[in-house]
Amino acid sequence: MMTFPADTLGIDFGTSNSAMAWLGSQGSARLIPLEGDALAMPTAVFYNAEDNSTHFGRDAIRHYLEGTDGRLMRSLKSLLGSPLLMETTQIGHQQISFQDIIGTFLATLRERATHNLGQAPRRVVMGRPVHFVDDDPLRDAQAEASLRQVAQSVGFDEVSFQLEPIAAALDYEQRLTQESTVLVVDLGGGTSDFTVVRLGPDRMKNADRSADILATSGVHIGGTDYDRQLNLSQVMPLLGYKHMGPEQREVPSRVFFDLATWHLIHWQYQPKAISHAKTLRSNYSDPRLHERLMRVLTERHGHHIAHEVEQAKIRCSVHDAGTHMDLSVVEHGLQAPLDVPDMQAHLHELLARTVACARECVQRAGLTDASLDAIYLTGGSSALRTFQQTLQAAFPGVKLVEGDLFGGVALGLAYSR
């Protein structure tokens with residue numbers, strides 16, 4: 001049996017959700033509870049302006065949705081490799097950089113691990129996507145360096161990285177009884193990553209697994225991109241997106257794209273952005289649509305709308321049936337429908353690009369579909385029914401195996417050398 005370094009903490013710092021796993025001297029990794037009994041929690045931070053407290057995960061989202069005055073921060077991972085990372089934002093009476101906000105979240109993860117383990121973890125393996133930034137190696141390296149710096153700043157002495165799809169493969173391997181060639185599919189909130197890897201009980205004995213990794217690929221498309229597309233298609237038209245004005249020209253669209261993008265929403269609440277939105281009034285033929293837009297901006301409902309879209313996507317997928325997004329915070333009785341054909345149509349291009357990246361990974365490995373024993377799914381977005389259908393159509397006859405969607409990567413990170 002292969003031995004792994006003991007006392008290793010694996011952290012899957014995700015765009016939408018995060019998880020942690022611990023590998024102690026017993027040799028078997030386990031997930032660490034993060035919120036009560038929950039083994040994963042939303043990557044969310046809420047700064048409560050009413051009592052200057054800070055909240056995380058589901059607690060952060062609950063405070064925001066209950067109307068507590070403050071700032072909700074999500075999709076923080078999307079800022080890695082971006083010039084925005086070192087910019088500051090107003091939190092209460094302070095200016096805080098987004099890198100420091102990430103540090104606050106990671107420090108909380110370490111504190112919760114310490115409480116659970118009875119000791120402060122010093123060695124951590126952080127997950128990273130195949131590409132933090134597509135087609136820009138310099139910015140990609142900067143993103144990893146920034147995350148390393150943050151991890152060290154919160155108390156980790158030894159920080160290393162593992163590709164998230166490879167971590168998922170190491171977790172899957174623990175359950176295999178024979179050698180298999182597997183396409184690992186890791187769909188998170190911000191990226192979709194793929195690897196073709198040889199796995200099996202005998203291969204676990206090898207300290208160097210590089211020869212078993214046949215190919216990797218990745219694309220900067222994930223669950224938050226699906227949410228943004230559904231938001232733009234189903235909700236933003238109710239605020240004026242693609243609305244034709246009196247001169248038969250569309251209302252300028254920038255505000256709608258930013259309002260549908262998690263990590264950009266808060267910028268639309270700034271006085272300058274609100275002043276600009278007011279000037280768009282003359283571009284509207286229907287003043288009611290502009291009134292809705294201004295209400296969303298001035299009353300800060302953008303994150304609430306984004307949350308409604310995300311939950312509707314999940315309901316539509318899980319139940320394979322239509323649903324509605326409740327927009328009554330904007331206007332009494334206002335709803336936006338979402339049904340299965342809508343979701344398939346709106347997400348078709350994004351899903352096609354994602355599956356094409358999976359196909360590219362298999363081609364890089366020099367394999368045919370017949371050479372694959374399984375496609376292993378991990379990451380919350382891989383549960384999306386329309387994605388699984390699109391993937392299965394592209395790889396007919398190859399079985400799909402659904403792993404631990406939110407904990408598999410963290411477990412594999414703990415097994416990483």
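Helices (H or I, at least four residues) and strands (E, at least two) are DSSP runs, numbered from the N terminus. By that assignment, Asn52 sits in the loop between strand E5 (44-48) and strand E6 (54-56). This is a predicted model, in which local features need pLDDT of at least 70, side-chain atom pairs count only at pLDDT 80 or more, and totals for chains, interfaces and linings use all residues. Residues are numbered from 1 along each chain as its sequence is written, and side-chain values use heavy atoms, with hydrogens and water left out.

**Loop residues with positive phi**

- Most residues other than glycine have a negative phi.
- Asn52, a residue other than glycine, has a positive phi near 60°.
- Asn52 counts as exposed because its relative accessibility is 67%; buried means under 20% relative accessible area, exposed over 50%, and partly exposed in between (1.4 Å probe, protein chains only).
- Lys242 is not a glycine either, and its phi is positive at about 65°.
- Lys242 belongs to the loop between H5 and helix H6 (254-259), and at 49% relative accessibility it counts as partly exposed.

- Six of the six residues of strand E10 (residues 123-128) are buried, which leaves the strand mostly covered.
- In a regular strand the side chains alternate between the two faces of the sheet.
- On E10, Arg123, Val125 and Gly127 point one way and Val124, Met126 and Arg128 the other way, and all are buried.
- E10 pairs with strand E1 (residues 8-12) in the parallel sense over three bridges; two strands pair if DSSP finds at least two bridges between them.
- Opposite Met126 of E10 stands Ile11.
- E10 also pairs with strand E11 (residues 158-163), in the parallel sense and over six bridges.
- Gln162 in E11 is the bridge partner of Gly127.
- A right-handed β-α-β unit is made by E10, helix H3 (residues 137-153) and E11; a crossover is right-handed if, with the strands pointing away from the viewer, the path from the first strand over the helix to the second runs clockwise.

- E8 and strand E9 (residues 94-97) run antiparallel and are joined by four bridges.
- Thr89 has Ile96 of E9 opposite.
- Two residues lie between E8 and E9 in this hairpin, and Gly92 in the turn has a positive phi of about 65°.

- The 13 residues of H5 reach 17 Å from first C-alpha to last, close to the 18 Å expected at 1.5 Å a residue; the expected span of a helix is 1.5 Å times one less than its number of residues.
- H5 is largely enclosed by the rest of the structure, because 10 of its 13 residues are buried.
- Among the buried residues of H5 are Tyr226, Leu230, Leu232 and Val235, as well as Asp225 and Asp227.
- Helix H9 (residues 302-319) has 18 residues and should span 26 Å at 1.5 Å a residue, which agrees with the 26 Å between its end C-alpha atoms.
- H9 has 13 of its 18 residues buried, so it is largely enclosed by the rest of the structure.
- Asp320, which follows H9, has a positive phi near 50°.

**Largest pocket**

- On a 1 Å grid over the protein atoms alone, a cavity is a set of points where a 1.4 Å probe fits but cannot get out, and a pocket is an open set with protein on both sides within 12 Å along at least five of seven lines; lining residues have an atom within 4 Å of a point.
- The largest pocket holds about 650 Å³ of space; grid points are joined across faces, edges and corners, and a volume is the space filled by probe spheres set on the points.
- Its lining has 36 residues, and Ser16, Asn17, Gly380, Ser381 and Phe406 lie nearest its centre.
- Strand E12 (180-187), helix H5 (223-235) and H9 are the elements that give two or more residues to this lining.
- H9 gives the largest share of the lining of the largest pocket, seven residues.

**Cavities**

- The structure holds three cavities of 30 Å³ or more, and the largest cavity has a volume of about 70 Å³.
- Residues lining the largest cavity include Phe98, Trp262, His263, His266, Trp267 and His303.
- Strand E7 (residues 70-74) gives the largest share of that lining, three residues.
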